[in-house]
Amino acid sequence: MQLPVPDETLRLFPVDPQVRAIASDLYDRVAHAPILSPHGHVSAELLERNEPFSNPAELLIVHDHYVTRVLHSLGLDLAELGQGDIPADPRQVWRLLCEHWHKFAGTASAYWLRQELIGIFGIHDDLGADNADATYDVIDAAIATPKFLPQALFKSFNIEALATTDDPLDSLEHHAALRAGGNLRGRVLPTFRPDSYTDPDADAFGVNIHRLLDATGEQATSFAAYLSALQSRRQYFITHGGVSTDHGVLEPFTADLDPAQAERLFQAALRGDLDPTDARLFRGHMLFQMARMSVEDGLVMTVHAGVQRNHHRPTFERFGPDTGHDIPVATEFTRNLRPLVERFGTEPNLHLVLFTVDETTFSRELAPLAGFYPSVYIGAPWWFLDAPDAIHRFRASVTETAGFYKTSGFIDDTRAYLSIPARHDTSRRLDAGFLARLVVEGRVTLAAAEQIIVALVDAIPRAVFKL
Amino acid sequence: MQLPVPDETLRLFPVDPQVRAIASDLYDRVAHAPILSPHGHVSAELLERNEPFSNPAELLIVHDHYVTRVLHSLGLDLAELGQGDIPADPRQVWRLLCEHWHKFAGTASAYWLRQELIGIFGIHDDLGADNADATYDVIDAAIATPKFLPQALFKSFNIEALATTDDPLDSLEHHAALRAGGNLRGRVLPTFRPDSYTDPDADAFGVNIHRLLDATGEQATSFAAYLSALQSRRQYFITHGGVSTDHGVLEPFTADLDPAQAERLFQAALRGDLDPTDARLFRGHMLFQMARMSVEDGLVMTVHAGVQRNHHRPTFERFGPDTGHDIPVATEFTRNLRPLVERFGTEPNLHLVLFTVDETTFSRELAPLAGFYPSVYIGAPWWFLDAPDAIHRFRASVTETAGFYKTSGFIDDTRAYLSIPARHDTSRRLDAGFLARLVVEGRVTLAAAEQIIVALVDAIPRAVFKL
Amino acid sequence: MQLPVPDETLRLFPVDPQVRAIASDLYDRVAHAPILSPHGHVSAELLERNEPFSNPAELLIVHDHYVTRVLHSLGLDLAELGQGDIPADPRQVWRLLCEHWHKFAGTASAYWLRQELIGIFGIHDDLGADNADATYDVIDAAIATPKFLPQALFKSFNIEALATTDDPLDSLEHHAALRAGGNLRGRVLPTFRPDSYTDPDADAFGVNIHRLLDATGEQATSFAAYLSALQSRRQYFITHGGVSTDHGVLEPFTADLDPAQAERLFQAALRGDLDPTDARLFRGHMLFQMARMSVEDGLVMTVHAGVQRNHHRPTFERFGPDTGHDIPVATEFTRNLRPLVERFGTEPNLHLVLFTVDETTFSRELAPLAGFYPSVYIGAPWWFLDAPDAIHRFRASVTETAGFYKTSGFIDDTRAYLSIPARHDTSRRLDAGFLARLVVEGRVTLAAAEQIIVALVDAIPRAVFKL
């Protein structure tokens, strides 16, 4: 399933003809490279069940809050878009997208969706009210065929490794079944995401901890038992192929507490009795402990920082989380991470990959940190920043201080399964364009650029994520 | 009065020949579109009196703190530039500008002034000490002719709507007279700017409140009466054609207080007896109340946030406000606006337009907010950011998350009447250039770009500002 | 010693052919201009002793923490790189650089080093494991020849003025000897850097103060005597050719204290008895006092703000300061500098040059401050920002508000002597490219650009630094 079609071959390359020609050559070296997706939100269950997608709206709109949030911002009610408990007529949802499609112009979602429509469904015309039903029918017919089953797509997408994101107590049965089934040429890896067990302000934190301790057979209700339980579940993930842990935090604050203080905060957290200052300390100490465990067990540690989740309470209460109103905040890494990196930042076994949606930190904090600490890597531009101009800003901001080899390689972070090839293709094109400019400006040789573009897609993510 | 002259036709377009050609075509579609100016500081009185401008210095320098601040930064005393009570010899002021003109190179003011000199006065040579008197004479002669009277210029500028900025107790007599006179083809709209009545730290806040209550016939001195008085004046503005309110705040902090607390703070504010924390709460609650009133009466709400006014007290004491030393500060929207948007962010009747001089918030906060909340719009790049490179950075920062249709359309925000066409022309050229790049990069189709450039100049500001 | 070689002539110019041609012409006007280096860290002793450099590693790696930090970030131990007390085999250090050289691609250090290798040693091939010994030998042989002695290089680099950075109690004997020797065509100027005597948290602050008072013959241990001692040492620097003071601060906080409070804080500081709030106040007041002294004695005041020094304590304890782990933090200028500029910001005798590694402040704070206050200048992009893309971002961020003439001119800030020509050449090329774009976009005339490029390299640094 070749994404670019003839008139799309130059898509996303810089406008200068000389740069564009070099970008095109560089891109050709990686256009068909296998996809390494070391962080994302596609579920193992979807892949293991391997059932046909139900309809175009479910496939491309309803579960992609990147898309529903734009429609909501244009005045549509999320309920019209199939959010919440009452299903919406999928054809009607598709029509709403088509009617508003022209207002997506220039957005990252528009770029990905257009590529999916062209590259996967052969739909080249722009969506509009006039072709809503026709395009719906094309997609609906396509997804009924065997080559659109999730596992068939996995193959045609040329995915070599796909990481899911999972609760620490997840049985990982779908991962096991996929591995046992042997139908996928690539791997599906679990990722250990313990936020609900490390943030005292998480819903039902105390209940979660008791479930964790029960599940791991810990007898005591102590901080030591709690750490031991987490380590035990990390081992479980490792035996199921996991290579990384993921941590979503409002701020990347870290703290090194002595055992007595940690125990005291833990007991108070269990009782739901921590004030904000102590809750912050506890969270910060748990991030510190996660780094310590990574030093021991080798799991790569990714931190996604700086998003105020569920900003609009009425929407959260009506439709739940991940419904498009997670809004970034200014984020501080230099001081917040200091306790962690002072202790573990030179440990060869630790790979700490930092993601941000505050691009001011790229040149100011992340590149200088990754440009000194061997354990620190700069995560690919994330979420709102996973978009063409933002990706170029990212490279321009970090490369001069940290080069290419202390960045993580591309991460799609998507729950929209069909968008995976489009996202990786976009990233490859943009990195090719960035490198081509450096070549024409006499800043890297063409030979070096040819090596770097391959490394960005292959060696670098493999090394950073221990794939 | 056609601004661009032959050798200026490609001004401000990107350098790549292919992009430039498309930019030029896109620009041609809007080059002569009527000017919609939904926010600015030209006075209705100037238009209504329709008297000749007194001299070139008064016209182009003395009342434009964008220009006087640059001259001050180069070592000139503001008194030499006609600030303060003692008038300066206008020819001498003009000479000072000409002598220092080469040091304006690259500034936004230089771009606008040059366009004004070329397009309005036919002066193509760069200003310098050697042509100071000659250019003074050209302008001086021109402004004595009828076609340079404010109302004639209004027509030749092709202004369809021009908003002023007004005190809530302003009689709006000049607006009424202009409407009654019927000499303008376009509308002159008042804007309700209540800062002096909503910020307890404003000069003479208590006196202002009593004047407000008196003017609206309120009997009580209660918070309820105060709100009622504000609503009454908003209605007065609406009956005089007003479509928006404007709020200049150091931080866009908002708070939802219960009535008892609001009453308590109001009474303390009247007594001049609020500590900084409570003053902040009161200001934040008033921003919240203004949004509530907008939901009720439909006035568009614009917020201009993040400027430390009157940074240099000695200059403020000598020359008053708006004398060039308002300096931006880092600004936070995500947390500050949350109470307001949680309550009113999905109200169809509310249009909340957010302006910033902290460009870090474009991709991090404003685009994500406007990309979810239907009520939120991203204001055009404002003040120090209303300049070519900054405008391109703005579009590149917000479009990928929020598209074009959740931005406000251009706002000139000027008190320099003659700069209006140059500013709108600049904005149109830059948006055309931005879109042209997206076309060449295969990101939007040419057909889509042709629609968007027209929408940016016409449909979008009309819709956002309810014109 | 001509830096660019034939195939390098277009290095760092923008990619568009028309812009590039103009950039090349502009650059030609300044390519051979003498180097003015008004701030840096090359030592006067090195120049005065005029001894051959010991080996290639010492010359290009060991003392340049820009280079060693990148190697450390790639997993090398600093001890392998000749840091600390145990010397490393220089040939082995050089091999490590060569083996890891491909991972420097895209970094500022790679650009400079490559230019040095090409322009100074005639080494055109990229470094790699295969040519490590050969290149080592080439450099080793070269530096044994007379034309590579420090003073010979000073001449071939065409340095007209070079500022060092010095302790206030430095005897400046090497500066005096250089001047007396008369072997240099250019000047070597000391810079007064008093941080250890103005920051109560500095190592051995109390001891430093007593040494200062003793050295200047002050009898009392009072705040007045302390100020007098500082003034006396400033005079000493002035008599040795000094033109500026330099201040490295975590935040550019300033405070105007009354004498009694200043005395109280001073005495507490001497006793090591200041809490963090008072220590901050004292530091802020000393920055204020330094400005006051500059008004009196005319020394230019440069502030380098916003770096968390010695972020990784284990490395600091093992290898000392300046070992690659100084990490920037978000920096605030608008509020912090207000007390200082309210009092001294319009003093003709004060030149306050502000350097930052937080590029968000360029458009938001520094350009508006320099665009009003005659005393304030925007320092050239510093440290992590002294790199091609960052330099273009800098010019694009500040020029539209403050023009070119309120920036400082280039500052190399280097301790890598051989990098000086490469750094200045890089800056000249980038400014030429920036100006060329403005010309093609019709924003400045070619004639104006031709004047500006010369001013940036000559008149502006001379005026700002009173050279």
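These notes record what I looked up about the domains and the chain contact in this predicted model.

Entry 1, domains. I began with how chain A is divided. Domain 1 covers 52-148, and domain 2 covers 150-464. I then took the centres of the two domains of chain A over C-alpha atoms and found them 29 Å apart.

Entry 2, contact between the domains. I looked up how many residues each domain of chain A brings to the contact. Domain 1 gives 21 residues and domain 2 gives 21 residues. On the side of domain 1 that touches domain 2, I noted three helices of chain A that each supply at least two residues: helix 3 (56-62), helix 4 (65-73) and helix 6 (108-119). Helix 6 of chain A has the largest share of that side, with 6 residues. I sorted this side of domain 1 by class and got 9 nonpolar, 8 polar and 4 charged residues.

I turned next to chain A and chain B. Their contact takes 43 residues from chain A and 42 residues from chain B. I listed the elements of chain A that give two or more residues to the side touching chain B: helix 4, helix 6, helix 15 (313-319), strand 8 (327-328) and helix 18 (388-402). Helix 4 of chain A gives the most there, with 4 residues. By class, I found 21 nonpolar, 12 polar and 10 charged residues on the side of chain A that touches chain B.

I went back over the helices of chain A. Helix 4 and helix 6 are listed for the side of domain 1 that touches domain 2, and both are also listed for the side of chain A that touches chain B.

Definitions and conventions: Residues are numbered from 1 along each chain as its sequence is written. Chains are lettered from A and ligands numbered from 1 in the order in which they are written. This is a predicted model: local features need pLDDT of at least 70, side-chain atom pairs count only at pLDDT 80 or more; totals for chains, interfaces and linings use all residues. Domain bounds come from an automatic or database domain assignment. Two residues are in contact if their C-beta atoms, placed from the backbone, lie within 7 Å. Ala, Val, Leu, Ile, Met, Phe, Trp, Tyr, Cys and Pro count as nonpolar, Asp, Glu, Lys and Arg as charged, and the others, Gly among them, as polar.
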